[in-house]
Amino acid sequence: MKFVKKSKKGYTPTKEGKKEGQSPPDVYKESKKNRVEFWAKIAREEIDWIKPFKKKYSQKKDSFSWFEDGKLNLCYNALDRHLKKRDRPAIIFIPENQDEKKIEISYKELYKKVNEASALLKKKGVKKEDIVAIYMPPIPEALIFMLACARIGAAHSVVFSAFSPEALRMRIQDGGAKVLVTSNYYFRKGKKMNLSKKVRKACKGLKIKKIVIDRKKAGKTFKKKNPKIIEPEPMNAEDLAFILYTSGTTGKPKGVMHAVGGYTLQAYTSARYIFNLREGERMWCTADIGWITGHTYTCYGPLLNGATTILYEGLLTFPKQDRFLKIIRENKVNAFYTAPTALRMFAINDSYTQKYKNNSLKVLGTVGEPIDEETWNWFFKKIGKGRCPIVDTYWQTETGAAVIASLPGHGPFIPSYAGKPFPGIEYTVINNKRKKASPYEQGLLVQSPPFSPSLIRGVWKNKKRYKKYFIGKYYNASDNAFYDKEGNFRILGRSDDIIKVAGHRMSTAEIENVIESLPKVVEAAIVGKEDKIKGTKVIAFVRTKSPISEKRIIKEVSKKIGPISKPSKVYFVKDIPKTRSGKMMRRILKGLLEGNEIKNTSTLINPESVREIKEIINKN
Ligand code: WTA
């Protein structure tokens, strides 16, 4: 079936596309009338409450809340309420090794497993409001424990399994986690990745209880026929749902806090409207559960809608390029959601795509970084076969769910444009005078109050940092953007010292701190350089006291943060351009990398450094 047709600018939905869309036809008009009521109506009618709310939205000086006097449980909404359709698969788990069978877990089975896991957490002493760290590969038990935490009112703090022991330790300590749920190993690129060793290192000397899932039994643990049922904990809508650490500009990751009510509502609604999820639909979001995308569109979004989520353990192109298309075909995936970096990888030697019809696909999505037109068109033609809308979803760990995206039933789908703000949410662009920018004028992307239900409620143990998210009356997204005359937004990239490498969010300061901790190094500056596959790659400029090898520096970053952050190139320089107040001018370094002429160096205390660095770059 064809869901889109060509229009003046990009594509719009066909009749079938409109019919398939799960957002009401008048959703934009209706939601604009009263944004608070728009959300409250969905919350009332489509979310299950233990105690219905009366208060909808309120805002004070430094905080805001949704459904403050209501009580609900996220796990109940994701599981218990679907038990009528008990035999429908909730999770389809696909191990990387093709000799290992895939495992389907029905809603009924998942319900039992989550109850058993909840009992186990309780036995370990976990109570409401405690933090549970989860350091696991994408196997069903990761989702089982996330749901179990939600069930008993504990907040999970998931740590990406490729992060280093140091990164895990920092997150356990900052969060004050009582229990760590982990696995002994997992497979990636056919290799056995040892997690136990990293865990041992990370937890040395820490008082933390552990639950270790044997990878061999992935998807087959918690098999009791009649487990004890643990009643879902009634949570206030504003209680903490989970924390998730993300890179901050200061270099220390910050624990982004999400509230139960708003998160449940927006994960549900966005998954439904953007990916057309409902019972019987199958979604495959390729993001690891260690990132917010995995939280919202691998775990909660599909389950809140009673849909099926596909969980794949390994590399998308293993053992061959076409693995992901095989998975789509074998599992009749309807919504496929991935990152531009993955797409650019798929596009290398792409003749294999001709062998696949991809008939099951209805919606294609991308996230994490701006998608260039070429990649967009490749995705549209080679994977969607010109039939499916592409939803370029813009959002952040802080927003909890997608906030700018074209809806499949509405469109338009324009290459490189994310589209309109999600119904009930208002974004705008402001210029340096903090005035609303006109169409096509570039500026800072901000969200206007009333704030979206799943927007960040706090930074764990850091009130001051939370306040910094707001400028004037707005929430500051720290992204640059502009919008066209029809109100479609185009996202241009970060406005701060955060870079996105292969869609992963990284703080330049965090990498710099690691390099600077080496005794032979005086200082380091990190900048992003355009890369054909990764979108951006990490480049380091390093000033040393005594010689040190490039390899040693790369190794240190890998060890302290994780392989995703390691520099692709290290330039050893005599001096790093700085302003009189000592601020490193990463912008100038970036300009030099791009081969630009740097004209104005008058604000620099060491303008001669620019010429020297230019020579070094040219030589290498
Ligand atoms: C970037 C990921 C362009 C943006 C969900 C944002 C995007 C940061 C898009 C958040 C998109 C995300 N187009 N840029 N569709 N989606 N970004 O917290 O810079 O890992 O601020 O959340 O990713 O990254 P995070």
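The model is a predicted one, in which local features need pLDDT of at least 70 and side-chain atom pairs count only at pLDDT 80 or more, while totals for chains, interfaces and linings use all residues. Residues are numbered from 1 along each chain as its sequence is written, and side-chain values use heavy atoms, with hydrogens and water left out.

**Around the ligand**

- The ligand has 17 residues around it, and Asp392, Thr393, Thr397, Asp479 and Arg505 come nearest. Here, a residue is near a molecule if one of its heavy atoms lies within 4 Å of it.
- By class, this shell has six nonpolar, five polar and six charged residues. Ala, Val, Leu, Ile, Met, Phe, Trp, Tyr, Cys and Pro count as nonpolar, Asp, Glu, Lys and Arg as charged, and the others, Gly among them, as polar.
- At least two shell residues come from each of α10 (292–304), β21 (390–393) and β27 (489–494). Helices (H or I, at least four residues) and strands (E, at least two) are DSSP runs, numbered from the N terminus.
- Thr397 places a polar side-chain atom 2.5 Å from an oxygen atom of the ligand.
- For Thr393, a backbone N or O atom lies 2.7 Å from a nitrogen atom of the ligand, and for Glu369 a backbone N or O atom lies 3.4 Å from a nitrogen atom of the ligand.
- On its own, the ligand has 530 Å² of accessible area, and the protein covers 97% of it. Accessible areas come from the Shrake-Rupley method with a 1.4 Å probe.

**Two cysteines without a bond**

- A disulfide is a covalent bond between the sulfur atoms of two cysteines. The cut-off used for one is a pair of cysteine sulfur atoms within 2.5 Å, and the structure holds zero disulfides.
- Cys75 is buried at 0% relative accessibility, and Cys299 is buried with a relative accessible area of 0%. Buried means under 20% relative accessible area, exposed over 50%, and partly exposed in between (1.4 Å probe, protein chains only).

**Helix α17**

- Helix α17 (residues 586–593) has eight residues, and six of them are buried, so the helix is largely enclosed by the rest of the structure.
- Its buried residues are Arg586, Ile588, Leu589, Gly591, Leu592 and Leu593.
- These buried residues pack against α15 (508–516), β30 (521–531), β31 (535–544), β32 (569–572) and α18 (608–619).
- After α17 comes Gly595, which has a positive phi near 80°.

- Val36 sits in helix α3 (residues 35–46) and is buried, with a relative accessible area of 16%.
- Leaving aside neighbours within four places in sequence, Val36 is in contact (heavy atoms within 4.5 Å) with Lys56, Tyr57, Trp66 and Pro450.
- Val36 and Ser452 are 416 residues apart in sequence, yet 9.1 Å apart in space, C-alpha to C-alpha.
- Thr269 belongs to helix α9 (residues 260–275) and counts as buried at 1% relative accessibility.
- A polar atom of the Thr269 side chain lies 2.6 Å from the backbone oxygen of Leu265.
- Beyond neighbours within four places in sequence, Thr269 is in contact with Trp39, Ile42 and Phe422.

Notes
Polar contact = N/O pair within 3.5 Å; in protein donor to acceptor, adjacent residues only side chain to side chain.
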